[in-house]
Structure formats: structure tokens, C-alpha cells
Amino acid sequence: MKRTIAFAFCCMAAVALIASCGPKKKTAEPAEGEQTEAAAEVAPAVDSAKVAALPDEPKFDIVTNFGTIRVKLYSDTPKHRYNFIKNAMSGFYDGILFHRVINGFMIQCGDPLTKDASKKDLWGTGGPGYNVPAEIVPEHHHIKGALAAARRGDAANPLKESSGSQFYIVQDANACAALDGEYTVFGETIDGFKVIDDIAAVQTGARDCPVETVKIISIKLVEE
């Protein structure tokens, strides 16, 4: 199987964007990767009535140990909207690490395996055991702060289905422009851009894994 990853600077290839901390080459193309379904963790159910009562474009605070990134979800990517809400409100993301950080590109997280240091070799390959159908909207670009879903590459995933939990946040729009039309962008940052830059600037080791812990403490619904 191939190891999943979220890396591509200026050109695309038919490979994974679910990032892993596995071996890779720093080229203009993403490295290849593979998802480990056996290690998947399923998010608990949430109250569907509560989800239905949310605004069309709800806002969430991604609270990290570096500060808070506030995002809003797009209404025209409803499957991704619902999936993120479910994961966030169930606590699925609490304690998950940013396992892949590339300064001048993006920051990525969402793998439940990162809660277990003994599974570091598998970081980037985990998820809830399902994919989300692609919702690629031409009007949604990889602007700075764009919230987008990671996925496996086209060879293994010709329908461009998204990971059920892994997502990335764009730090550099120019570097990520080539991802437009290839990955589902389902939200954007509205506050906390400095936090994105601060996370992107951390020292990384092999496989773009941060040397220090960069963690999601919680993701909270912004009550309005």
C-alpha cells in the first residue's frame, strides 16, 4: 500500500495528500503514501438536531498550544461541513498533533494515530476508516488560511475522495495554487493567521514532523 501525505509545491501528481511522517523526497511533487485502515478511529456520533440548527456557515475555534485559529465552514460543501462538525463536536480532534508542517506551504493534522507516540512511524496514515466524497467547487481557491481536506492520490483515488479526518491549512497561497481543483476546500481562516505562520515556522525533523509538540487542544463551536 502507499503511504498518505499532504505535500505538493507547484505541480501535482497522482499520489496521496494525506500526509505521513514516512520517508519522502523534497521535490516539486508530493511523496507517495498509504492509509492504514486497521489503525482507524471512528468519531462518536453527535446530535443531528444540534448540527441542523447551526448557521449555514458556522465558525469554529481551532484551539492549539500556539494559539487559536478561527475558521468558517462553507455551505456549498455540505458533506465536508457536516463531517468537520461531527469530528469537532464529538471531541475527535482533541489532542491530535500537527504531524506535517512545511514552512511556505501548509500545516496538516487530523490523524488520530498522533495521540500515540509509540505509533509515530504510522503518523499520517490514520483516520476514521471512511472517505468523504469530493466537493470541489471552482470558486474555492487555496487562499492563505484555506481549510482543505487531505486525500490519497489519483492513482488509488480517482474520484478524489477526501480523508474522513485529515485536513490542512494553507500558509502560502502561491505555493498551494496548483492544488486548486484537485482537493476539496471546505472553509477558510477568518482570524489567527499569525498562529498559522508560527506553527509553520517551527523546527521540523525528518519527514517534516515538528520537533516540538504542536497540538490541537480542542475545536470549539463559536456561539453567535
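**An antiparallel sheet and its packed helices**

In the predicted model described here, Asp61 has Arg70 of strand β2 as its bridge partner. Residues are numbered from 1 along each chain as its sequence is written, and side-chain values rest on heavy atoms, with hydrogens and water left out. Since the model is predicted, local features need pLDDT of at least 70 and side-chain atom pairs count only at pLDDT 80 or more, whereas totals for chains, interfaces and linings use all residues.

Strand β1 (residues 59-64) pairs with strand β2 (residues 67-73) in the antiparallel sense over six bridges, where two strands are taken to pair if DSSP finds at least two bridges between them. The two strands form a hairpin, with two residues between them, and within this pairing Lys59 stands opposite Lys72 of β2. Strand β1 also pairs with β10, again in the antiparallel sense, over five bridges, and here Phe60 stands opposite Leu221 of β10. Five of the six residues of β1 are buried, so this strand is largely enclosed by the rest of the structure; buried means under 20% relative accessible area, exposed over 50%, and partly exposed in between, with a 1.4 Å probe and protein chains only.

The protein chain as a whole has four helices and 10 strands, which run from the N terminus in the order α-β-β-α-β-β-β-β-β-β-α-β-α-β. Helices (H or I, at least four residues) and strands (E, at least two) are DSSP runs, numbered from the N terminus. Eight of the strands form an open sheet in the order β3-β4-β8-β6-β9-β2-β1-β10, with antiparallel pairing. At its edges stand β3 (98-102) and β10 (216-221), each with a single partner strand, so one side of each is left without a neighbour in the sheet. Neighbouring strands of this sheet are turned by 25° against each other on average, direction ignored.

Two helices are described next. Helix α2 (residues 78-89) packs on the sheet and touches β1, β2, β6 (146-149), β8 (167-170), β9 (185-191) and β10, its direction making about 45° with that of β1. Helix α4 (residues 193-200) likewise packs on the sheet, touching β1, β2, β3, β4 (106-109), β8 and β9, and its direction makes about 120° with that of β2. Axes are lines fitted to C-alpha atoms, for helices over the stretch in contact, and angles run from 0 to 180 degrees between N-to-C directions. The buried residues of α4 are Val195, Ile196, Ile199 and Ala200. Seen down the axis of α4, these residues fall within an arc of 135°, so they line one face of the helix; the arc is that of the directions from the helix axis to the C-beta atoms. The cover over the buried residues of α4 includes β1, β2, β3, β4, β8 and β9.

Across the protein chain, buried residues make up 53% of the 224 residues. Among contacts (heavy atoms within 4.5 Å) with a separation of 6 or more, 71% are between residues 24 or more positions apart. Cys109 counts as buried, at 0% relative accessibility, and Cys176 is buried with a relative accessible area of 0%. A search of the whole structure finds zero disulfides, a disulfide being a pair of cysteine sulfur atoms within 2.5 Å.
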